[in-house]
Amino acid sequence: MYTILLVDDEKRMLDLLELYLSPKGYHCIKCESGLAAIQYLENHKVDLVLLDIMMPEMDGWETCKRIREFSDIPIIMVTARDQTIDIVKGLHIGADDYITKPFDEAELLARIEAVLRRSVGKRSKVEFQGLVWDEDEHKVCYQNEPIFLTPKEFAILGLFLKHPNRVFSREQIIVSLWGYNANTEERTIDSHVKNIREKLRQAGFPIDQFLQTVWGVGYKWEA
């Protein structure tokens, strides 16, 4: 489940956004000011910020700039204006996308999904239930203790962690890691997954709760 931070000084708009997003599986946190949003982000992890521009005291532009000083969390600006200069200003200060009010529910959901897809693909570090997968340092840890994986095991685990709840066929995993012209057999994937399970289980991580076999299809990481 993705967590979205909703930032708007109008409680009615916050409730409306939550009404749109909650049935789609998004967990919504609501803040009624830019300062409250910044304070929340300094102490909590979210997947995306939906940020209104026209707010008193600290507007969305200033809030976006302040967030960018310490976080690269995806930000979608929400504004009643549709002037090009406002859109460009938001993108220049670090926003990932924008949407204008009044907005269509389907468009809002599509923009959120698109931004999340881009951000997930770029993530080099994923943390889940005490498990840390770090691409830059090429290491996996559970509760600060290292777990030693082969390069392919590391890549497969990263693929699952970056795309929770998505079912991957064995063929899709092969194409993602070896390329379209690979001669790798599908049972090779089964062997890698078996090794991942054993190593994480030995480290104390409850792997069987999350790495699921989808019979007749492949695997998924259930979050």
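Me: In strand 12, which residue is the bridge partner of Thr213?

Reply: Look across to Tyr219, the partner of Thr213 in strand 12. Before going further, note that this is a predicted model: local features need pLDDT of at least 70, side-chain atom pairs count only at pLDDT 80 or more, and totals for chains, interfaces and linings use all residues. Residues are numbered from 1 along each chain as its sequence is written, and side-chain values use heavy atoms, leaving out hydrogens and water.

Me: How many bridges join strand 11 to strand 12?

Reply: First the general idea: strands of a sheet pair through backbone hydrogen bonds, either parallel or antiparallel. Two strands count as paired if DSSP finds at least two bridges between them. Strands (E, at least two residues) and helices (H or I, at least four) are DSSP runs, numbered from the N terminus. Here, strand 11 (residues 211-214) and strand 12 run antiparallel and are joined by 4 bridges. Their hairpin has 3 residues between the strands, and Gly216 takes a positive phi near 85° there.

Me: In what order do the 3 strands of that open sheet stand?

Reply: The order is 10-12-11, and the pairing is antiparallel. Strand 10 and strand 11 are at the edges with a single partner strand each, so one side of each has no neighbour in the sheet. Strand 10 and strand 12 run antiparallel with 2 bridges between them, and Ser169 has Gly218 as its bridge partner in strand 12. Helix 6 packs on this sheet, touching strand 10, strand 11 and strand 12, and its direction makes about 60° with that of strand 12. Touching, or contact, means heavy atoms within 4.5 Å. For such angles, axes are lines fitted to C-alpha atoms, for helices over the stretch in contact, and the angles run from 0 to 180 degrees between N-to-C directions.

Me: What is the strand order in the open sheet of 4 strands?

Reply: That sheet reads 6-7-8-9, with antiparallel pairing. Strand 6 (125-128) and strand 9 (145-147) are its edges, each pairing on one side only. From one strand to the next, the twist averages 20°. Helix 6 (residues 151-162) packs on this sheet as well, touching strand 6, strand 7 (131-134) and strand 8, with its direction at about 115° to that of strand 7.

Me: How many bridges do strand 6 and strand 7 have?

Reply: They pair in the antiparallel sense over 4 bridges. One of the pairs is Glu127 with Val132 in strand 7. Their hairpin has 2 residues between the strands, and Gln129 takes a positive phi near 50°. Further along the sheet, strand 8 (residues 139-142) runs antiparallel to strand 9 with 3 bridges, and Tyr142 stands opposite Glu145 in strand 9.

Me: Which residues of helix 7 are buried?

Reply: Buried means under 20% relative accessible area and exposed means over 50%, with partly exposed in between (1.4 Å probe, protein chains only). In helix 7 (residues 170-178), the buried residues are Arg170, Ile173 and Ile174. They are on the same side of helix 7 because they cover an arc of only 100° around the axis; the arc is that of the directions from the helix axis to the C-beta atoms. Their cover includes helix 6, strand 10 (168-169), helix 8 (186-202) and strand 12 (218-221).

Me: Is Glu171 buried or exposed?

Reply: Glu171 lies in helix 7 and is exposed, with a relative accessible area of 54%.

Me: What does UniProt list for Asp52?

Reply: An unreviewed UniProt entry lists Asp52 under "modified residue: 4-aspartylphosphate". UniProt positions follow the numbering used here, feature names are shortened, and annotations may be inferred rather than shown by experiment. In the model, Asp52 lies in strand 3 (residues 48-52) and is buried, with a relative accessible area of 3%. Leaving aside residues up to four places away in sequence, Asp52 touches Val7, Asp8, Asp9, Gly60, Val78, Thr79 and Lys101.

Me: And the whole protein: how is it divided into domains?

Reply: Domain bounds come from an automatic or database domain assignment. Here, domain 1 covers 3-120 and domain 2 covers 125-221, with their C-alpha centres 32 Å apart. The protein has 8 helices and 12 strands, and buried residues make up 42% of its 223 residues.
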